[in-house]
Amino acid sequence: MNSFLFNPKTPNEIAKELVAKIKQHRKKLKQMQLASKSGVSLGSIKRFESKYEISLNSFIKILIALNLEGDLENLFTQKNYASIDEVINGQL
């Protein structure tokens with residue numbers, strides 16, 4: 001089954017939205033300041049914001065520097081349904 005069947009967004013579109021949200025939170029900081037605060041190289045931050053590429057470790061460091069690490073805890077808390085009946089009935 002194609003995993004994109006139920007999510008019309010491409011991985012690139014999702015990454016673009018994620019980067020936009022991170023940029024909103026770093027508005028008070030310049031890229032160089034975020035690099036210094038997070039310990040992530042300026043080149044990595046620029047690559048993340050332009051090409052949406054970054055290691056998971058560097059991404060987490062950026063979230064910590066922006067005080068967003070708590071959002072990771074809620075990342076996978078969405079209910080997973082096994083059938084359409086569970087969706088309709090609100091069961092899990």
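Which residue just after helix 4 takes a positive phi? The residue is N67, with a phi of about 60°. Helices here are DSSP runs of H or I with at least four residues, strands are runs of E with at least two, and both are numbered from the N terminus.

The model is predicted, so local features need a pLDDT of at least 70 and side-chain atom pairs count only at pLDDT 80 or more, while totals for chains, interfaces and linings use all residues. Residues are numbered from 1 along each chain as its sequence is written, and side-chain values use heavy atoms, with hydrogens and water left out.

The protein has 6 helices and 0 strands, and from the N terminus on the elements run α-α-α-α-α-α. Of its 92 residues, 23% count as buried. Buried means under 20% relative accessible area, exposed means over 50%, and partly exposed is in between, with a 1.4 Å probe and protein chains only. Contact means heavy atoms within 4.5 Å. Among contacts in the protein with a separation of 6 or more, 38% are accounted for by residues 24 or more positions apart.

An α-helix has 3.6 residues a turn, so residues three or four places apart point the same way. Helix 2 is followed by G39, which has a positive phi near 80°.

L34, found in helix 2, is buried, with a relative accessible area of 1%. Leaving aside neighbours within four places in sequence, L34 is in contact with R26, L29, G39, I45, I62, A65 and L66. The C-alpha atoms of L34 and K61 are separated by 9.9 Å, and these two residues are 27 apart along the chain.

The next step is to see how helix 2 meets each partner. The axes of helix 2 and helix 3 come within 9 Å and cross at roughly 120°. Such axes are lines fitted to C-alpha atoms, for helices over the stretch in contact, and the angles run from 0 to 180 degrees between N-to-C directions. The angle makes helix 2 oblique to helix 3. Angles under 35 degrees count as roughly parallel, over 145 as roughly antiparallel, 65 to 115 as roughly perpendicular, and the rest as oblique. Helix 2 contributes Q31, M32, L34, A35 and S38 to the contact, and helix 3 contributes L42, I45, K46 and E49. By class, the residues of this contact are 5 nonpolar, 2 polar and 2 charged. Ala, Val, Leu, Ile, Met, Phe, Trp, Tyr, Cys and Pro count as nonpolar, Asp, Glu, Lys and Arg as charged, and the others, Gly among them, as polar.

Helix 2 packs on helix 4 at an angle of about 100°, with the axes 9 Å apart. Helix 2 is therefore roughly perpendicular to helix 4. In this contact, L34, K37 and S38 of helix 2 meet K61, I62 and A65 of helix 4. These residues divide into 3 nonpolar, 1 polar and 2 charged.

Helix 4 itself spans residues 56-65, and its buried residues are S58, F59, I62, L63 and A65. They cover an arc of only 165° around the axis, which puts them on the same side of helix 4. What covers them includes helix 1 (11-25), helix 2 (31-38), helix 3 (42-51) and helix 5 (70-73).

The loops on either side of helix 4 remain. Most residues other than glycine have a negative phi. Y52, in the loop between helix 3 and helix 4, has a positive phi of about 65° although it is not a glycine. Y52 is partly exposed, with a relative accessible area of 25%. N67 lies in the loop between helix 4 and helix 5 and likewise is not a glycine, despite its positive phi of about 60°. N67 is exposed, with a relative accessible area of 64%.

Notes. The arc is that of the directions from the helix axis to the C-beta atoms.
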